[in-house]
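Welcome to a short tour of this structure. Take a moment to look it over, and then read on.

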Amino acid sequence: MTLPDEGRLRRRRRRLVAIAFAFPALALNLLVIAGPAVSSLYYAWTDWNGFSAPSFTGLDNARRLIEDATFWNALGHNLIWLVLFLTVPMAMGLVGAFMLSRVRRGASLFRVIFFIPYVIASVVNAQIWKSLLDPATGIAAQLDRIGITWLNDVYFFGDSNLSLYSVAFVDNWHFWGFLVVLFLAAMQSVDPSLFEAARIDGAGPFREFWHITLPGIRATLMFALMIISLGALLAFDYSFALTAGGPAGSSDLVSLLVNRTAFTALEPGYASFMALVISLLGGVLLVIFHFIRRNEDTR
Amino acid sequence: MTSGTTFKTTPRTNSKTTLRTTPRTIFRKTFGTGPRTTSRTSGGIQRTPVSYVVLTLLALFAGLPLLILVFNSFKSSLELGQNPLGLPSSLEFGNYVEAWTRGSIGRGMWNSVVLVGGTVIGTCVCAGACAYSMARLDLPFKRGMENYLFVVISLPVQMFIVPLFFLWSNLNLIDSLFGLVVIYVALNTPFSVLLLRTFLVGIPRELDEAARIDGANEWQIAWRVILPLARPGLLTVGLVAGLGAYSELLFSVIFVTTPEKLPMATALLQYSQGHTQLFGLVNAAAVIMTLPAVLLFLFMQRKFIAGLASGGVKG
C-alpha cells in the first residue's frame, strides 16, 4: 500500500521539523564531546604536540606508559581512592539514611544539613578544611590552647604520608550526604508491610536493616557503587584545590596527571593515551556492573 | 490543568515487582513521583534516642565546619590566632569589604553570573527542544538517540578534554566565557534531555490534538501548550546546570586563565593561593561564594535534591 503523495510530503515535513528541534543539542554534543572523543582515539597513538601535525608512532606511547612511574603512582592512588569511597561514604550514607528513616521529628532538617556540603563548591570546601586542618589556625591550634599538643606538628596536606587520605577525607565530607539522600529515597519506597512483619516476628533493628532494608534498596546500592567507581577514576577537584597532587606526587591522581601532561608538558598525544587507558578501565567497570545487574534481574 | 506537577507521575511500579536497575528507575524513585510513602517509622519509641544521637553527631560533622567558616570570616588574623574555632568577638565586615573590592572576588562573581545565566538558558533551550522532539515529534532513530545520550553521559571527561582544548584554541574560544558556556551546555544537555523527556511523555497527547484542531502549528504547540506544563522539569534542569556551572573546576581551570575572566570558583582558588595564611580574608571570600548557592538550595530543597540525585557521576 502506498501513501498518497500529499501524505508522504507531510510526513517528510514532520520529520524535518523534528530534526530541527533536536539539532542544536545534537550539534553541540558532536562538537564538544563526541568529535573530540573520537579524535582522541587517533591522537592516543601519535606524538602530537597540539600545534603541528601529529605523526603516528604506533605503540610508542604504550611502551612509554608501561615504564612511566608517575602514571602508576597516580593510578595506584586512584585505586586507593576507589577502595576508600566504596566503603567509607557508603557506610556513612547507609547509617545516616537508616537512622533518618526511623525518626519522625526533624528528619527533613537533618536531611538538609547532611546535603548542604554537597551543594557547596569544591573550592570552598577545600578552603574550609585547609584552614581547619592548618596547625597554626585550625583544630590543632584550638587543642593547643587547652594543652593537647600532639596535633601541633601534623601537616595533613603537607605530609606525603597523609596528603592522599586527607584529600579523600575532605572529598568524602562533601559527598556522603548525597548518598544519605539517595538511600533514604530508596528506603522510603520499600514495602512497609515487610517491616511490620519483621517486627511481629521479633526482629531487632540490625536484623531489619540486614534482611529487609539492604535487599530492598539493592538497585540503588548498585547505582551508587557504579557512580562511585566511575567517579573515583575521574576524581580531580579536591586533589587539585588542596594539594595540586603534592607533596612529591603523594596525592597525585590520573586526571591531574593527564592535565599536566597535556597542558603543562605539552604532550597531548601521550596524555590522550593515558586518558584512553583510564577510560577503558571505566568501560570495564561499566561492563562488570551491567552483568551484575543482568544477573540480579534474571534471579 | 494548571499545575504541572500532576503530570510528572509516571506509573509507580509496586515495590514487589523488582525494578530493572537503570539510572532511570533510580531517578524516578528519587524524583519523588507519586505520593510519599506513608511513614513507616512506627518502630518502637525506645529505639529512636539512639537514632537521634547518631544523627546529631553526623549533623555536627557536616555542619560545624560550615559554622566555623562563617565565624572565622569575621575575624582578623590576630584574633584568628588567639581564637581559632570559637565565635568572633564582633561582627566586623572588614574582611568581606576587602575581599570584594581588592580581590578578584567581585569580578569573579560577575563572570559567574554571566556563565551561570548562559549555561542555564542554553541548556534549557537545547535540552528542552531535543526532549520535545524525542517525546512528541516524528524524530527518526529515537531509540538510537536515546542510547547515544546514555553513552555520552557515561563517557569520562578525560576522553575528550584534551582534543577539545586544542579545538577550542583553534576556534579562538579559549579564555572566553562564551566558549566555556558552550562546553557547559553540551555537558549538561544529555542528562537534561533524558530527564525532560520522561517529563514530557507524561503530558497527555489530547492537549496537542486539541491545540492542533484549533489551528496551532508545531511551534505554537511547543511554546504555548507544552512549555508551561514542563516548567517544573525545566526548573530542575536549570538548577542542576546552574549549580554545576557555578562550582565547576576542571574545565574552568583549563579553559579560562586570564585573571579578568576567571569565574568565581577559579578566582577563589587563585585568591586563596595568593593569601595562604590570611584565612579570615579567604574565608570571607568563600562565604561570599557559598551564600547564593546555599540560599537557593534552602528555598528549593526538593527540586535541588531531586535534580542532583538524578544528576549523575560526580566524584
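## Where two helices meet

Val123(A), Val124(A) and Gln127(A), in α5(A), are in contact with Ala265(B), Leu268(B), Leu269(B) and Ser272(B), in α13(B). Sorted by class, the residues of this contact are 5 nonpolar and 2 polar, with no charged ones. Please keep in mind that this is a predicted model.

How do the two helices lie against each other? Two packed helices are described by the angle between their axes and the distance between the axes. The crossing of α5(A) and α13(B) is left-handed.

## The wider contact

Stepping back to the chains, the contact takes 97 residues from chain A and 97 residues from chain B. On the chain A side, helix α1 (residues 5–43) gives the largest share, with 21 residues. That side of chain A, where chain B is touched, has 66 nonpolar residues, along with 21 polar and 10 charged ones.

## How confident is the prediction?

For chain A, the mean pLDDT is 88, and 98% of the residues reach 70 or more. The table shows the two ends of the range among its elements.

| Confidence in chain A | Helix | Mean pLDDT |
|---|---|---|
| Lowest | α6 of chain A (residues 139–145) | 82 |
| Highest | α3 of chain A (residues 69–102) | 94 |

As a reading tip, where pLDDT is low, the predicted coordinates should not be read in detail.

Methods:
Residues are numbered from 1 along each chain as its sequence is written. Chains are lettered from A and ligands numbered from 1 in the order in which they are written. This is a predicted model: local features need pLDDT of at least 70, side-chain atom pairs count only at pLDDT 80 or more; totals for chains, interfaces and linings use all residues. Two residues are in contact if their C-beta atoms, placed from the backbone, lie within 7 Å. Helices (H or I, at least four residues) and strands (E, at least two) are DSSP runs, numbered from the N terminus. Ala, Val, Leu, Ile, Met, Phe, Trp, Tyr, Cys and Pro count as nonpolar, Asp, Glu, Lys and Arg as charged, and the others, Gly among them, as polar. A crossing is left-handed if the near helix is turned anticlockwise from the far one by less than a right angle, and right-handed if clockwise. pLDDT is the predictor's confidence in each residue, from 0 to 100.
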